[in-house]
Amino acid sequence: MKDCPHCEYRGRPRLQPAWLLWLALLVWLVPLGFLTAGFWPFLLLPSIAISAWALMAVRPVCPQCGRRWKVSAPPGA
Ligand SMILES: [Zn+2]
């Protein structure tokens, strides 16, 4: 059972910022649109870069206090 270490919230964390996930999805519409139209998928590499950056930037936070959700405890802690 996961709990917030900062407050007494019990439940699932929230991913934030959520708009980065939508941006990572929306940016793929451009190269996929070119691909389905039979053209070379422009912006394919930037789309991969933006998606990778968004996945690294998005982290779980507590929906009640807004602080970072506890990640897996480092060894020795
Ligand atoms: Zn909390």
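This is a predicted model: local features need pLDDT of at least 70, side-chain atom pairs count only at pLDDT 80 or more; totals for chains, interfaces and linings use all residues.
Two backbone features were identified in loops. The peptide bond joining Gln16 to Pro17 is cis, and its omega angle is near -5°. Pro17 belongs to the loop that connects strand 1 (14–16) with helix 1 (18–26). The other feature concerns Leu43, which is not a glycine but has a positive phi of about 65°. Leu43 is in the loop that runs between helix 2 (29–36) and helix 3 (44–57). Leu43 has 17 C-beta neighbours inside 10 Å and therefore counts as partly exposed, because a residue is called buried at 20 or more such neighbours and exposed at 12 or fewer.

Trp28 is placed in the loop between helix 1 and helix 2. With 17 other C-beta atoms within 10 Å, Trp28 is likewise partly exposed. Along the chain, Trp28 and Ser47 are 19 residues apart, yet a distance of 5.9 Å separates their C-alpha atoms.

Helix 3 has 14 residues, and at 1.5 Å a residue it should span 20 Å. The expected span is 1.5 Å times one less than the number of residues. In general, an α-helix has 3.6 residues a turn, so residues three or four places apart point the same way.

Note on methods: Residues are numbered from 1 along each chain as its sequence is written. Helices (H or I, at least four residues) and strands (E, at least two) are DSSP runs, numbered from the N terminus.
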